[in-house]
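User: Please walk through the architecture of this structure and some of its local features, one question at a time.

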Amino acid sequence: MIRIAIVEDDKNYIIELKNLLSKYEQESNQKLIITVFEDGEDIVTNYKADYDIILMDIEMHFMDGMTAATKIREKDSEVVLIFITNMPQYVMEGYKVDALDYVLKPLSYFALSQRIVRAIGRMKNRSISYISVMISNGVQKIDISKIYYIEVQNHDVIFHTINGIYTTKLSLRVLEKRLENESFFRCHKSFIVNLAYVDSIQNNDININNQIVQVSRGRKKEFVDALNNYFNEVSK
Amino acid sequence: MNSAVNLIETPGGVYALAYWLAAVLFISVNKKKMNKWKLVITSIVFLIILVGAMELNHPVSKFWFVPSVLLYVFIIGLFLYVSIKLPIMNIGFYTARAFLVGEFIGSLSWQLFYFSTASDYFSNKVWILIVFAIIAQSVFTMIMLLLEQRFKADERDFTMSRRDFITTVVIVSFIFLFSNLSYLSGNTPFSGQAAEDIFNVRTLIDFGGVALLYAYYIQITEFNTKFEVSKLQNLLKLQVENYEISKKSIDMVNQKYHDLKHYISIMKSAELESGSIEYLNKIETEIKIYEAQNKTGNHVLDTILTTKSIICQSFDAQLSVIADGSLLNKFETMDISTMFGNLLDNAIESVKLIPEKEKRLIHLNISRQKQFILIRLENPYSGTIKYKNGFPITTKTDEFNHGYGLKSVQNTVKKYDGSLTINADQQWFEIRIMIPIKN
């Protein structure tokens with residue numbers, strides 16, 4: 001089920017958009033729930049993060065699309081924003097509101113449906129997964145998405161997380177297997193980093209939450225490629 | 001196992017092992033078609049085939065000598081063909097090299113064996129010969145392997161022309177003929193009568209052949225690299241030149257636009273009828289489009305985008321851009337023009353081939369994520385994409401130009417310590433670039 005909001009002041013375009021979306025619904029076999037707002041102001045007032053995708057017109061009477069998008073972003077960092085416009089020059093700054101997509105008017109089914117397919121593909125999988133490890137005073141359940149990086153020292157495995165540091169004994173092979181489909185990368189013989197928290201790279205230093213982790217020279221290329229792909233898959 | 005060895009005739013097994021080792025040598029340094037275990041099994045099968053063919057066919061009459069050698073060459077070629085992932089011409093070249101290397105290490109090991117039996121250290125027993133052949137040949141193969149390893153993987157995927165191939169075949173044929181002349185007839189200026197002479201002639205000529213082909217190989221790969229470098233440089237120059245021409249014309253349009261805007265405001269300030277004012281207002285909003293187009297925050301990028309969108313318009317393709325060009329302000333002009341010029345040219349070439357006009361979409365994003373610049377270019381494609389050295393090549397376009405554009409983008413990205421990855425799924429092609437922002 002995909003929840004889509006249409007923000008558009010032109011009645012004809014609303015009808016056209018609805019038609020195109022219902023065509024997409026049939027073709028893709030996906031349930032769409034569509035809500036229509038006739039001005040930017042309408043969606044911004046009492047905005048709740050209830051949508052997966054917002055199709056946003058740019059030129060509207062009371063509040064234009066870019067202003068509305070900015071206000072929405074303040075409250076909702078996850079929703080995918082796609083502008084609908086006949087004035088592409090006005091969406092050039094879409095990057096400021098994390099909107100990297102637009103569809104040009106007059107609308108074409110191919111362009112719209114493809115942008116929606118791409119958007120769905122990039123929507124975050126919000127399921128939370130945990131890893132349970134033995135620490136000195138019992139079992140600790142760690143939220144995988146909250147791990148900054150994992151350090152391996154002799155036979156100790158140290159989890160650096162948002163909630164603190166946990167030390168355990170664990171086989172690296174088992175650990176790597178467990179993190180296989182998550183956003184982790186083994187960048188060094190003693191470090192596994194969560195790509196989601198990589199802030200910057202300077203030469204062979206990775207900055208994660210103001211801590212420096214080394215990337216080994218042999219794994220540098222693979223690491224930057226993994227990070228590149230990761231950023232692309234999560235960006236909206 | 002106690003039977004004595006006929007010392008003049010080299011046993012087929014010695015050569016079979018030598019050919020096989022040479023083939024394995026060339027397979028080991030090239031990209032393989034199969035996984036490790038399959039390769040091991042395939043190699044064993046071919047060893048059995050080679051030893052079988054050569055032992056059964058021994059001794060060979062003069063009449064059958066050349067045809068049977070051709071058969072062995074064919075078996076070596078087949079072995080390389082099923083194992084190495086390279087175009088057929090390159091396989092042919094490696095087959096020729098493997099054959100000569102095999103000839104050389106075969107005759108050298110036999111010559112050494114012959115010499116040592118004469119000096120009474122060893123008796124001429126079959127098992128000693130086998131042990132000797134395996135040790136000596138393995139050592140020679142290892143030496144060859146060291147020489148071979150100086151070539152990088154992408155140098156091995158060189159373009160082998162027909163002329164190169166024919167030259168190789170001629171060289172190998174002559175080398176082989178001269179080295180074995182003594183066996184066919186002892187009565188030529190190049191033949192020897194005594195066993196030592198025969199062996200010396202054969203080993204030395206084979207050595208010459210191996211060296212010759214090695215040198216030829218270096219020459220071909222160097223020519224290829226040079227050709228590639230000059231191709232990249234031309235491309236670079238072309239993009240920069242394009243950029244400069246576009247810049248001139250766009251600057252001119254902008255100048256005219258500003259003049260026009262100025263005239264309009266002057267005319268508006270004069271007292272005119274309301275109809276004329278309305279008309280002037282209309283002109284003003286209309287030309288505004290030109291002003292606002294492609295203002296990304298980077299002039300070089302703006303110019304390239306304007307030029308490329310004009311090209312796109314000419315065949316109904318749509319170029320949509322959401323870009324923070326200011327992120328590129330620290331880049332050199334030449335780098336921006338090569339990078340985006342080539343990226344967009346590639347995308348344009350690709351969507352041109354799509355028959356449905358509504359599918360001709362090109363989407364470019366430049367955005368920032370933490371301390372990284374992310375560049376993403378997406379476009380649908382039709383047909384299938386082939387890869388060469390990890391770079392996609394389009395099947396329908398000009399044979400000589402494909403891949404070079406992206407390669408030059410890759411070089412630029414490398415210069416800024418970035419990453420370039422390519423992703424193709426569901427008929428969408430996506431190039432992703434990430435460049436760290438330096439402090």
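**Architecture and local features**

Chain B contains 13 helices and 7 strands, where helices (H or I, at least four residues) and strands (E, at least two) are DSSP runs numbered from the N terminus. This is a predicted model, in which local features need pLDDT of at least 70, side-chain atom pairs count only at pLDDT 80 or more, and totals for chains, interfaces and linings use all residues. Residues are numbered from 1 along each chain as its sequence is written, chains are lettered from A and ligands numbered from 1 in the order in which they are written, and side-chain values use heavy atoms, with hydrogens and water left out.

User: What share of the residues in chain B is buried?
Analyst: Buried means under 20% relative accessible area, exposed over 50%, and partly exposed in between (1.4 Å probe, protein chains only). Chain B has 439 residues, and the buried share is 47%.

User: How much of the accessible surface of chain A belongs to carbon and sulfur atoms?
Analyst: Accessible areas come from the Shrake-Rupley method with a 1.4 Å probe, and for residues only the protein chains shown count as cover. For chain A the total is about 11800 Å², and the part belonging to carbon and sulfur atoms is 47%.

User: How far apart are the centres of the two domains of chain A?
Analyst: Domain bounds come from an automatic or database domain assignment. Chain A is divided into domain 1 (2-126) and domain 2 (130-234). The C-alpha trace of the chain spans about 65 × 35 × 35 Å along its principal axes. Taken over C-alpha atoms, the centres of domain 1 and domain 2 of chain A are separated by 36 Å.

User: Is A:Thr161 buried or exposed?
Analyst: A:Thr161 belongs to strand β9 (residues 156-161) of chain A. Its relative accessible area is 8%, so A:Thr161 counts as buried.

User: Leaving aside neighbours within four places in sequence, which residues are in contact with A:Lys146?
Analyst: Contact means heavy atoms within 4.5 Å. A:Lys146 sits in the loop between β7 (138-143) and β8 (147-153) of chain A, and is partly exposed at 33% relative accessibility. With those neighbours left aside, A:Lys146 is in contact with A:Thr161, A:Ile162, A:Asn163 and A:Tyr197.

User: What kind of peptide bond joins A:Lys105 and A:Pro106?
Analyst: A:Pro106 is located in the loop between β5 (101-104) and α4 (109-122) of chain A. With omega at about -5 degrees, the bond joining A:Lys105 and A:Pro106 is cis.

User: What is the phi of B:Asp417?
Analyst: B:Asp417 lies in the loop between α13 (404-415) and β6 (419-425) of chain B. The residue is partly exposed, at a relative accessible area of 34%. Although B:Asp417 is not a glycine, its phi is positive, at about 60 degrees.
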